[in-house]
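Student: Please take a close look at one part of this model, the aromatic residues and what surrounds them. I would like one connected account.

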Amino acid sequence: MILKIKRNCKKLILIMVFASYSFLGGAQGETKTVKVQFALGVNNPSSEGFVDGFEANTINFPTINLGIQYMFASKMGAKLDLGYNRFGNTDNSLDFKTNYTRINGQFVYDLSGFISFLGRIGAFAHAGPGISIVKPLGNYGDNKTSYLNGMGGLEFHYGISDKLSIYLDTSYVLGFGKEFSPLSNGFGSFNGNLLTVTIGASISLSGCYYCRD
């Protein structure tokens, strides 16, 4: 199961790269924008996602998000993004470190019209389904798991130029993982929800980010 998911992840990453080149080559001159995004930040995994004896720090670094976004209408769009997160134990917990990777396809809605009086500040809401892949490190490396997720978030952008903006993103990933059975399968692993806060850059590959038709 895990090997199959890893193969699918590799395929999705290749699709993201191919799509970026395809959009860049085919969308020049269009007013709708194709954007690539990358961001770095922190994460907070929910305590309910761990078995007894294991607890993660409240704030963990890093969280890395990479994505490609296409606005197919003036206010609506879609994006495919990959998120990598790592979290580790508190002082009162058994020692562990865990890698948490997610892949999501999301619907995007431009909220900038509601704050248009703020000039180059814009806002976007995003939400959609995906898959979470959890890989414990060290002594618990066999306790890998994967499950479906749903995530949603808000991005606040500040335009540096018509092609580039920096943004703050706050997102919540709702996990639909099964309970660990036996309980030892959950040692060092995770099947819960995740909050992320990141700061990044959004680069328009076509059209004009802050041009209004």
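Tutor: Tyr100 is buried, with a relative accessible area of 0%, where buried means under 20%, exposed over 50% and partly exposed in between (1.4 Å probe, protein chains only). Phe190 is likewise buried, at 0% relative accessibility. This is a predicted model, in which local features need pLDDT of at least 70 and side-chain atom pairs count only at pLDDT 80 or more, while totals for chains, interfaces and linings use all residues. Residues are numbered from 1 along each chain as its sequence is written, and side-chain values use heavy atoms, with hydrogens and water left out.

Rings of Phe, Tyr and Trp (its six-membered ring) pair if their centres lie within 6.5 Å; planes under 30 degrees apart count as stacked, over 60 as edge-to-face and the rest as tilted. By this rule there are nine aromatic pairs. One of them joins Tyr100 and Phe190 edge-to-face, at 6.0 Å centre to centre and 70° between the planes. The two residues of this pair are 90 residues apart, with Tyr100 in strand S4 (residues 97-110) and Phe190 in the loop between strand S7 (164-175) and strand S8 (194-204); strands are DSSP runs (E, at least two residues), numbered from the N terminus.

Ring pairs link Tyr100 and Phe190 into a cluster with Phe50, Phe54, Phe87, Phe96, Tyr140 and Phe187. Within that cluster, Phe54 touches (heavy atoms within 4.5 Å) Phe96, Tyr140 and Phe187, among others, not counting residues up to four places away in sequence. The backbone oxygen of Phe187 lies 2.9 Å from a polar side-chain atom of Asn143. Asn143 is buried, at 12% relative accessibility.

Key:
Polar contact = N/O pair within 3.5 Å; in protein donor to acceptor, adjacent residues only side chain to side chain. Helix = DSSP H or I, 4+ residues; strand = E, 2+ residues; numbered from the N terminus.
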